[in-house]
Amino acid sequence: MTTGFEDFELTMDELRVVARYVVESAEEILPVFEAGNPSDPRPRAAIDAAREFVNGARRTKLQRITSLDAHRAAKEAATESERLAARAAGDAAAAAYLHPIAKATQVGHILRAAAIAAVVGELNAGGDFAVGLKLIEQARQRATPVLIDVLNRYPLAPTGKSRTAQLMTILDTSLRTSR
């Protein structure tokens with residue numbers, strides 16, 4: 001079963017692999033958001049919706065709505081770490097709708113949450129870049145052959161000046177050359 005776009009094929013099973021990878025990254029840092037925003041359920045709802053899809057449920061409006069809600073929570077968060085954690089949660093739900101179109105921007109839907117988790121790790125360690133690189137290596141090791149195969153259907157990650165973009169580029173390069 002394909003998703004209906006025509007640049008290349010992307011099956012629901014492959015989408016679930018991608019979403020699982022993004023969920024794992026987002027779940028690692030969700031407590032950062034929740035500690036500062038204990039009464040805001042939106043990022044957790046996005047991760048829960050993504051997890052439902054990962055576990056075999058159909059894609060529905062639930063993933064889209066919770067993704068948008070988590071991204072709104074990110075805009076309202078007080079700290080950079082909280083904003084990033086909420087954004088990663090939104091990305092987890094959005095991963096169910098990764099498009100099989102050969103555009104570099106789609107790579108962000110696969111790798112940005114892992115890069116964000118690394119940035120949050122750096123921030124929590126007082127800006128220690130070594131922590132981020134260690135977390136990127138852990139994210140590389142979590143990648144399955146199916147995830148790498150999907151990633152290789154897309155162009156390289158877009159370059160950028162932000163630390164998240166830099167770490168995403170490092171992860172992208174390491175995954176494409178690792179196997």
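## Contacts between helices H1 and H4

Two residues are in contact when heavy atoms of one lie within 4.5 Å of heavy atoms of the other. By this rule, Val22, Val23, Ala26, Ile29, Val32, Phe33 and Gly36 in H1 meet Ser81, Glu82, Leu84, Ala85, Ala86, Ala88, Ala89, Asp91 and Ala92 in H4. Sorted by class, the contact of H1 with H4 has twelve nonpolar, two polar and two charged residues. The model described here is a predicted one.

How do the two helices lie against each other? The axes of H1 and H4 come within 8 Å and cross at roughly 140 degrees. H1 and H4 are therefore oblique to each other. The crossing of H1 past H4 is left-handed.

## Confidence in the model

The chain has a mean pLDDT of 94, and 96% of its residues reach 70 or more. Over residues 1–6, pLDDT stays under 50. For residues 1–6 the model has 13 contacts beyond four places in sequence.

## Helices H3 and H4

Helix H4, which spans residues 80–94, also packs with helix H3, residues 61–76. The axes of H3 and H4 come within 8 Å and cross at roughly 170 degrees. That angle makes H3 roughly antiparallel to H4, because angles over 145 degrees count as roughly antiparallel.

On the H3 side, the residues that take part are Gln63, Thr66, Ser67, Ala70, His71, Ala73 and Ala74. On the H4 side, they are Arg83, Ala86, Arg87, Ala89, Gly90, Asp91, Ala93 and Ala94. By class, the contact of H3 with H4 has seven nonpolar, five polar and three charged residues.

## Helices H1 and H6

Helix H1 covers residues 12–36 and helix H6 covers residues 129–142. H1 and H6 pack at an angle of about 150 degrees, with their axes 11 Å apart. The crossing of H1 and H6 is right-handed.

Which residues form the contact of H1 with H6? Tyr21, Glu24, Ser25 and Glu28 in H1 meet Ala139, Arg140 and Arg142 in H6. By class, this contact has two nonpolar, one polar and four charged residues.

## Ile29 in helix H1

Ile29 is found in helix H1 and is one of the H1 residues that meet H4. Is Ile29 buried or exposed? Its relative accessible area is 6%. Ile29 is buried, because the cut-off for buried is under 20%.

Not counting residues up to four places away in sequence, Ile29 touches Leu84, Ala85, Ala88, Ile116, Ala117 and Val120. Among them, Leu84, Ala85 and Ala88 are in the list of H4 residues that meet H1. Ile29 and Asn55 are 26 residues apart in sequence, and their C-alpha atoms are 21 Å apart in space.

## Glu122 and Phe129

Glu122 has its place in helix H5, residues 105–124. With a relative accessible area of 3%, Glu122 is buried. What is Glu122 in contact with, leaving aside its neighbours within four places in sequence? The residues are Gly127, Asp128, Phe129, Val131, Gly132, Leu133, Arg163 and Leu167.

Phe129 lies in helix H6. Not counting residues up to four places away in sequence, Phe129 touches Glu122 and Arg163. Arg163 is also in the contact list of Glu122. Phe129 and Asp13 are 116 residues apart in sequence and 35 Å apart in space, C-alpha to C-alpha.

## Two loop residues

Ser39 is found in the loop between H1 and helix H2, which covers 42–54. Ser39 is exposed, with a relative accessible area of 72%. Between Ser39 and Ala26 there are 13 residues of separation in sequence and 18 Å in space, C-alpha to C-alpha.

Ala104 sits in the loop between H4 and H5. The relative accessible area of Ala104 is 21%, and this residue is partly exposed. Leaving aside its neighbours within four places in sequence, Ala104 is in contact with Pro155, Leu156 and Pro158. How far apart are Ala104 and Leu156 in sequence and in space? They are 52 residues apart in sequence and 5.9 Å apart in space, C-alpha to C-alpha.

Definitions and conventions
Residues are numbered from 1 along each chain as its sequence is written. This is a predicted model: local features need pLDDT of at least 70, side-chain atom pairs count only at pLDDT 80 or more; totals for chains, interfaces and linings use all residues. Side-chain values use heavy atoms; hydrogens and water are left out. Axes are lines fitted to C-alpha atoms, for helices over the stretch in contact, and angles run from 0 to 180 degrees between N-to-C directions. Helices (H or I, at least four residues) and strands (E, at least two) are DSSP runs, numbered from the N terminus. Angles under 35 degrees count as roughly parallel, over 145 as roughly antiparallel, 65 to 115 as roughly perpendicular and the rest as oblique. Ala, Val, Leu, Ile, Met, Phe, Trp, Tyr, Cys and Pro count as nonpolar, Asp, Glu, Lys and Arg as charged, and the others, Gly among them, as polar. pLDDT is the predictor's confidence in each residue, from 0 to 100. A crossing is left-handed if the near helix is turned anticlockwise from the far one by less than a right angle, and right-handed if clockwise. Buried means under 20% relative accessible area, exposed over 50%, partly exposed in between (1.4 Å probe, protein chains only).
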